Amino acid sequence: MTILTIALKYLRGRLLASALTAVSIALGVGLAIASILIASAIKEGFVAGATDYNLVVGAKGSPTQLVLAVVFRMDVATPNIEYTIYQELKEDPRVAVAVPVMVGDAYQGFRYVATNTAYFAAFPWRRKTYSLSSGRLFGDDPVDSPAYEAVLGAEAASRTGLRLGDRFYEGEEMADHPLIAVGILRPTHSADDRAIFISLSSFWGMNELAHAMVVKPLTAVLVRPKRLTDLPGLHREHNVVPETQAVLPSGVLLTIFNMMAVAQEALTMILTIVGVIVLLYVFVALYSATIERRREIATMRALGARRTTVLAIVLVESGMLAATGGFGGILAGHAAAYLAATVLAQTSGLVIQPFRFDAVQPAVLTGVILLGTLAGLLPALLAYRTEVAENLAPLS
């Protein structure tokens, strides 16, 4: 019989204890893998979902709230600014593109985003591409003649069940102005998949307060300067006036990532403690098994087995337990990341890839096998030093 065969026989002989040990390793590894995947994927999701515009101009308040509300739809909208600010930015010779945005209420949890057709334009500098899976875009209808047409993001269309030509509204106050679905977007893998886009005039017509206002409201204006050298001036000018603030989305992302780094440090400490506990559990399990098998080990020695062979059997056994638990933990970690990805996509529009395999997984598996084998080193040495005469003596 080979060393591997004997180690497998020992593991099967105490199947329940071996299974519990492997499961404990899998839980620890799964927690670590899921944490790594989710943390890195959230960062990538924020970067991928970030706007292609360099500046977001909105009302005074929290810069983070403004970006989260306008770009990611993850917060309540900030107070409104006047539509004239958009008109001024549009006419500014330093501005290449200015896009007005109004973030409003929701239909079945999917935000209304009022804008114009420039929001979907295929500019050369855009990372994001908008295309229709069916239907058409709404038109830039005049303020006094809103068409109440809506273009649905891919996720919004899928989960609401709305199809082209369907009329819909939420709340009796909107019953007089139902929206009609005229287009459905292809997935963009961003928060826009969970949005319902309408024209500004349609939004102002639906909203009683906005409808009565002479100067119409906006939540924000997305700005792309002609030259990056114009960005500091635009940023400063809209921050020194009392009506507006200008926010760099990249700066907000940096703030979010710094906050995540603090959480990651705390999570790393927790994972370290979990890892130590799992290693201690493996050590205790193997040590107890070795104590129970001292008579068997002595018999093997009496039949000619070398000390190094006995040592190798225990080390292989611990390595196999670690490998089984490590592989199961990687699968469990990806499963947990998949569940987290589903929740994040439904609640925040962040799209992450839970089944991505890279160098982290092999490195984690290798480390788990090495540490698991190391945990079995002392029990292996105990088996190595087992004396034949003492352990084969008749039981009293």
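For pairing, ring centres of Phe, Tyr and Trp (its six-membered ring) have to lie within 6.5 Å, with planes under 30 degrees apart called stacked, over 60 edge-to-face and the rest tilted.

Quick housekeeping: this is a predicted model, where local features need pLDDT of at least 70, side-chain atom pairs count only at pLDDT 80 or more, and totals for chains, interfaces and linings use all residues. Residues are numbered from 1 along each chain as its sequence is written, and side-chain values use heavy atoms, leaving out hydrogens and water.

By that rule we get 11 aromatic pairs. Take Tyr53 and Trp125: centres 5.4 Å apart, planes at 75°, so that's edge-to-face. Tyr53 is in the loop between H2 and strand E1 (55–59), Trp125 in the loop between strand E4 (110–115) and strand E5 (132–135), so the pair ties together parts 72 residues apart in sequence. Helices (H or I, at least four residues) and strands (E, at least two) are DSSP runs, numbered from the N terminus.

Buried or exposed? Tyr53 is buried at 3% relative accessibility, while Trp125 is partly exposed at 24%. Buried means under 20% relative accessible area, exposed over 50%, partly exposed in between, using a 1.4 Å probe and protein chains only.

Phe120 is buried at 7%, and Phe197 is buried at 0%.
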